[in-house]
Amino acid sequence: MNKIKSPDELLKLQENIRASRDPNKPCVTICAGTGCLAYGTQKLIDNFKAEIERRNLTGTVDVRTSGCHGFVNEVL
Ligand code: FES
């Protein structure tokens with residue numbers, strides 16, 4: 001992947017990613033940031049993928065990992 005050098009290049013990358021995805025295909029995104037990995041998210045990711053395979057859903061559901069989503073304020 002090339003380094004993004006301008007806002008226009010970032011927008012172009014965003015457009016390309018959107019164009020490459022099927023909007024009707026479910027996609028589960030699981031955080032694989034440092035904090036979540038420390039809490040065991042890799043096991044969740046592995047189990048999710050295994051369950052999709054077990055249910056013969058491979059290719060019909062995407063599982064993606066992301067970086068940290070940042071701090072989340074919990075409303076009590
Ligand atoms: S590491 Fe997962 S939300 Fe921050």
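Student: What does the accessible surface of the protein come to, and what share of it belongs to carbon and sulfur atoms? After that, please take me to the salt bridges and whatever sits around them.

Tutor: Quick caveat before the tour: this is a predicted model, where local features need pLDDT of at least 70 and side-chain atom pairs count only at pLDDT 80 or more, while totals for chains, interfaces and linings use all residues. Residues are numbered from 1 along each chain as its sequence is written, and side-chain values use heavy atoms, with hydrogens and water left out.

Now your number. The accessible surface is about 6800 Å², and carbon and sulfur atoms hold 55% of that; the areas come from the Shrake-Rupley method with a 1.4 Å probe, and for residues only the protein chains shown count as cover. Of the 76 residues, 11% are buried (buried is under 20% relative accessible area, exposed is over 50%, partly exposed is in between; 1.4 Å probe, protein chains only).

As for the layout, the protein has 3 helices and 2 strands (DSSP runs numbered from the N terminus: H or I of at least four residues for helices, E of at least two for strands). Along the sequence they come in the order α-β-α-α-β. The radius of gyration is 16 Å, well over the 11 Å that the globule rule gives for 76 residues, so the protein is more spread out than a compact globule. (That radius is taken over C-alpha atoms, and the rule is 2.2 Å times the number of residues to the power 0.38.) The C-alpha trace spans about 40 × 35 × 30 Å along its principal axes. Among contacts with a separation of 6 or more, 62% are between residues 24 or more positions apart, a contact being heavy atoms within 4.5 Å.

On to the charged pairs. Side chains of opposite charge can pair when their charged atoms come close. Searching the whole structure turns up 3 salt bridges, each a side-chain nitrogen of Lys or Arg within 4 Å of a carboxyl oxygen of Asp or Glu.

Start with D62 and K25, whose closest N and O atoms are 3.0 Å apart. D62 is in strand β2 (residues 62–66) and K25 is in the loop between α1 (7–20) and β1 (27–31), so this bridge ties together parts 37 residues apart in sequence. Both ends are partly exposed: D62 has a relative accessible area of 28%, and K25 has 26%.

Strand β2 also holds R64, partly exposed at 32%. Setting aside neighbours within four places in sequence, R64 contacts R21, C27, V28, T29 and I30. Its C-alpha is 8.5 Å from that of C31, which is 33 residues away along the chain.

The other two bridges share E51. E51 pairs with R54 at 2.6 Å, N to O, and with R55, where the closest N and O atoms are also 2.6 Å apart. That makes E51, R54 and R55 a linked network of salt bridges. E51 and R54 both sit in helix α3 (residues 41–54), 3 residues apart, or about one turn of the helix. E51 is partly exposed at 28%, whereas R54 is exposed at 58% and R55 is exposed at 53%.

Most residues other than glycine have a negative phi. N56, though not a glycine, has a positive phi of about 55°.

Helix α3 also contains T41, and T41 is buried, at 8% relative accessibility. Not counting residues up to four places away in sequence, T41 touches I30, C31, A32 and C36.

With those cysteines in view, what about disulfides? The search of the whole structure finds 0, where a disulfide is a pair of cysteine sulfur atoms within 2.5 Å. Take C27: the closest cysteine sulfur is in C31, 14 Å away, so that gap is too far for a bond. C27 itself is partly exposed at 35%, and C68 is exposed, with a relative accessible area of 63%.
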